Amino acid sequence: MNGKDSAPSSGFAIKKRVPISASSGNLVNVHAPNAGTTLPITIQPATRGVDVAGWAAMSRDQIKGILSRHGAILFRGFEIGSGTEFQRFIRSISGNPLPYVERSSPRTHIKDNIYTSTEYPSEQSIFLHCENSYQKTWPLNIFFYCDIQPEQGGETPIADMRRLLARIDPEVRAAFANKGVLYRRNFGTGLGLPWQTVFQTDDREKVEQYCKEAGIECIWHESGRLTTRYVRKAIHIHPVTGEDVWFNHAVFFHITTLDPETQEIIRKDLTDDELPNNTYYGDGTPIEPKVLEHLRNVYAEETVRFTWQKDDVLMLDNMLVAHGRSPYSGARKILVGMTEPYSG
């Protein structure tokens, strides 16, 4: 994909300053990605005072058509102004935001299933991933809202999972396609989120019922610790486009993806079987270091960055495009909403 792409499935050309027609007139312009990049498509108001949620409700099919082809849309220059308006915008396109379940990172719940983005220390990077790809059910869409523009850094890098899959060595791809990914998670080690936070309950029976329904092996230890194990697909078929996509947390959750200092701290007192998170091939065998390095390089080759501006909204097809976070300094506040649960 490049700036000369022909019309997407919605029938609207993606070129420089070409408006989408809505019943109330030409309210927005659609811009192709910057030269040399593939993401994101940018939609901006053609005039001041556009009610973005109202326009989006009228243009839902067109927006979804662009998203299915390109995977990422940056809505820029609209007067969003608040988390409440952000939620209204989400609903106008994609329905009610979903609760954040089976959690893997610390977030603050703002209101009505709107959350802050992952609250890791600002000096840390967050590796690219498709939200909740380790779960039985995941959101098809994810939205990010720039409430406070980062002072320096703090980009949300993104990458096309179709293009990434095509870059993966055929032997590596075949191994993951045949075996899947085994996720092993340990709670109660003093590192990572406690199981009460992850499952949003302190009732063991409710945890066990959730795990049973999600196909997760749930192991309680005498010490009170909990271990979960389960296997998921590494490659999925997108329910709308029919394309194969690389959709998993195999690299994200692997211990070697953490920075060396963090790895050393974690490994100091824990064996491999006790790590807060780790991944393996679906048959339980280790993923080779050279394979992990290859995959990290492939992610890097497909990564695209843009600079956040106040009131930006980034809409991603969560199966087509992965996201992460760059380190930053100063203030930064990005809100998140997820929609359209899907199990595949």
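## Strand β7 and its partner

In this predicted model, residue I126 lies opposite R325, a residue of β18. The two strands concerned, β7 and β18, the latter made up of residues 321-325, pair with each other in the antiparallel sense over two bridges.

This pairing belongs to an open sheet of three strands, in which the order runs β7-β18-β10 and the pairing is antiparallel. At the edges of the sheet are β7 and β10, the latter covering residues 158-160, and each of these edge strands pairs on one side only. From one strand to the next, the twist averages 15 degrees.

## The largest pocket

The largest pocket of the model has a volume of about 1100 Å³. Its lining is formed by 39 residues, of which Y120, Q124, S125, L258 and T262 are the closest to the centre of the pocket.

By residue type, the lining divides into 21 nonpolar, 12 polar and six charged residues.

## Confidence along the chain

Over the protein chain as a whole, pLDDT averages 91, and 93% of the residues score at least 70. Residues 1-24, by contrast, form a stretch over which pLDDT stays under 50, and for this stretch the model has 67 contacts beyond four places in sequence.

Methods
Residues numbered from 1 in each chain as written. Predicted model: local features only at pLDDT ≥ 70, side-chain atom pairs only at ≥ 80, totals over all residues. Heavy atoms only, no water. 1 Å grid on protein atoms, 1.4 Å probe; cavity = no way out; pocket = protein on both sides within 12 Å on 5 of 7 lines; lining within 4 Å. Points joined across faces, edges and corners; volume = space filled by probe spheres on them. Nonpolar A, V, L, I, M, F, W, Y, C, P; charged D, E, K, R; others polar. pLDDT = per-residue confidence, 0-100. Contact = heavy atoms within 4.5 Å. Pairing = 2+ DSSP bridges. Helix = DSSP H or I, 4+ residues; strand = E, 2+ residues; numbered from the N terminus. Axes fitted to C-alpha atoms, helices over the stretch in contact; angles between N-to-C directions.
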